[in-house]
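This report goes through a few selected features of one protein chain.

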Amino acid sequence: PSGGLAEFGAGKARAVDTIVRRWAQQCDAQAACAPVAAGGALATVAAATAALPLTDAGSGLSWTRGDFEQFLDAAVSGLDPAKWTALGPALAAFAAGDTGPFYTLVSGQQPPGAGNGAGAAPRPAGTPGYIQDALVTVNCADLADRPDAAAVSSIVTAARAAGLQAADARSYLAATCVGWPLGSRPITDISATPAARVVVVTSLGDQLVAADWGPAMATAVGGVTVNYGGIGHGVSYLRGSACIDALVSAYLLDPSAKVPADATGCDGA
């Protein structure tokens with residue numbers, strides 16, 4: 001939280017880069033996912049990006065870089081094995097000008113027909129709910145900075161310069177609270193002297209949280225970090241990791257004596 005909204009956008013960009021690269025690594029090892037274009041999965045993402053902006057003659061959908069990255073983010077962040085396998089060929093088709101397979105894979109719908117005024121590609125379909133409203137409300141109450149357009153643009157530029165995959169849309173999250181008033185008690189720094197050592201479990205393949213945020217939080221509260229080498233947001237008792245679950249259970253049963261060594265790794269971390 002001490003990084004504010006600027007770090008919120010920058011860190012989210014690092015997180016989506018991590019999961020895109022994890023997908024690419026897995027895709028390159030799978031025959032069914034192998035992209036049509038030579039050069040591997042990341043090269044196929046680059047080829048699709050290079051085709052933008054793009055209007056598909058068959059569907060009539062117009063794609064900007066923002067539309068494309070929103071869809072790519074949704075495709076990989078759901079951690080759906082079937083979508084991960086189908087994504088390579090869909091991106092190869094996109095790079096060749098046929099955006100239909102990519103659109104259908106992510107949205108779950110057939111693309112509209114050409115000439116029907118469809119315009120820009122809509123965001124991926126999902127179940128509406130209040131979780132995003134709550135998330136924005138809490139974040140804008142907690143965080144005290146309000147990056148202006150120039151500051152947000154510099155975050156996007158830095159993400160691109162660093163070679164982060166699909167980073168633009170996430171970088172723009174730095175602008176989440178434009179127009180929101182400051183909260184009455186924003187969090188400007190984190191520090192604590194807890195009654196027991198704090199154990200922060202960090203997923204190194206978290207699609208939503210930058211991997212370096214966990215160690216930063218552990219340092220701020222004088223705790224330790226346990227690193228999970230798999231993928232997913234939320235680890236303990238959720239990912240089937242016997243290593244993580246055993247460490248966490250032992251700690252919860254005896255937090256005074258069962259604190260893992262800092263930077264303990266599990267599952268390939």
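Is Pro 147 buried or exposed? The model is predicted, and in this model Pro 147 has a relative accessible area of 10%. The cut-off for buried is under 20%, so Pro 147 counts as buried.

**Surroundings of Pro 147**

Pro 147 sits in the loop between α6 and α7, the latter helix covering residues 149-161. Apart from neighbours within four places in sequence, Pro 147 is in contact with Leu 5, Ala 6, Val 152, Ala 174 and Val 178. Gln 165 lies 18 residues from Pro 147 along the chain, and the C-alpha atoms of these two residues are separated by 22 Å.

**Disulfides**

A disulfide is a covalent bond between the sulfur atoms of two cysteines. In this model the count comes to three disulfides. With bonded cysteines counted along the chain, the pattern is 1-2, 3-4, 5-6. The table gives the sulfur distances.

| Disulfide | S to S distance |
|---|---|
| Cys 27 to Cys 33 | 2.1 Å |
| Cys 140 to Cys 177 | 2.0 Å |
| Cys 243 to Cys 266 | 1.9 Å |

The link of Cys 27 and Cys 33 is left-handed, with -100 degrees about the S-S bond. Cys 27 and Cys 33 are both buried.

For Cys 140 and Cys 177, the torsion about the S-S bond is about -95 degrees, so this disulfide is left-handed. Cys 140 belongs to helix α6 (residues 131-142), while Cys 177 is in the loop between α8 (167-171) and β3 (199-203), so the pair ties together parts that are 37 residues apart in sequence. Cys 140 has 1% relative accessibility and counts as buried. Cys 177, at 1% relative accessibility, counts as buried.

The link of Cys 243 and Cys 266 is left-handed, with -60 degrees about the S-S bond. This pair links distant parts of the chain, 23 residues apart: Cys 243 is in helix α10 (residues 242-253) and Cys 266 is in strand β5 (residues 264-266). How do the two cysteines stand in accessibility, buried or partly exposed? Cys 243 has 31% relative accessibility and counts as partly exposed, whereas Cys 266 is buried, with a relative accessible area of 1%.

**Packing of α4 and α5**

Two packed helices are described by the angle between their axes and the distance between the axes. Helix α4 covers residues 81-95 and helix α5 covers residues 100-107; they pack at an angle of about 150 degrees, and their axes are 7 Å apart. Angles over 145 degrees count as roughly antiparallel, and α4 and α5 are therefore roughly antiparallel to each other. The crossing of α4 and α5 is left-handed.

Which residues of α4 and α5 meet? From α4 these are Lys 83, Ala 86, Leu 87, Ala 90, Leu 91, Ala 93 and Phe 94. From α5 they are Pro 101, Phe 102, Leu 105 and Val 106. By class, the contact of α4 with α5 has ten nonpolar residues, no polar residues and one charged residue.

Notes: Residues numbered from 1 in each chain as written. Predicted model: local features only at pLDDT ≥ 70, side-chain atom pairs only at ≥ 80, totals over all residues. Heavy atoms only, no water. Disulfide = S-S within 2.5 Å. Buried < 20%, exposed > 50% of the residue type's maximum accessible area, 1.4 Å probe, protein only. Helix = DSSP H or I, 4+ residues; strand = E, 2+ residues; numbered from the N terminus. Axes fitted to C-alpha atoms, helices over the stretch in contact; angles between N-to-C directions. Parallel < 35°, antiparallel > 145°, perpendicular 65-115°, else oblique. Left-handed = near helix turned anticlockwise from the far one by under 90°. Contact = heavy atoms within 4.5 Å. Nonpolar A, V, L, I, M, F, W, Y, C, P; charged D, E, K, R; others polar.
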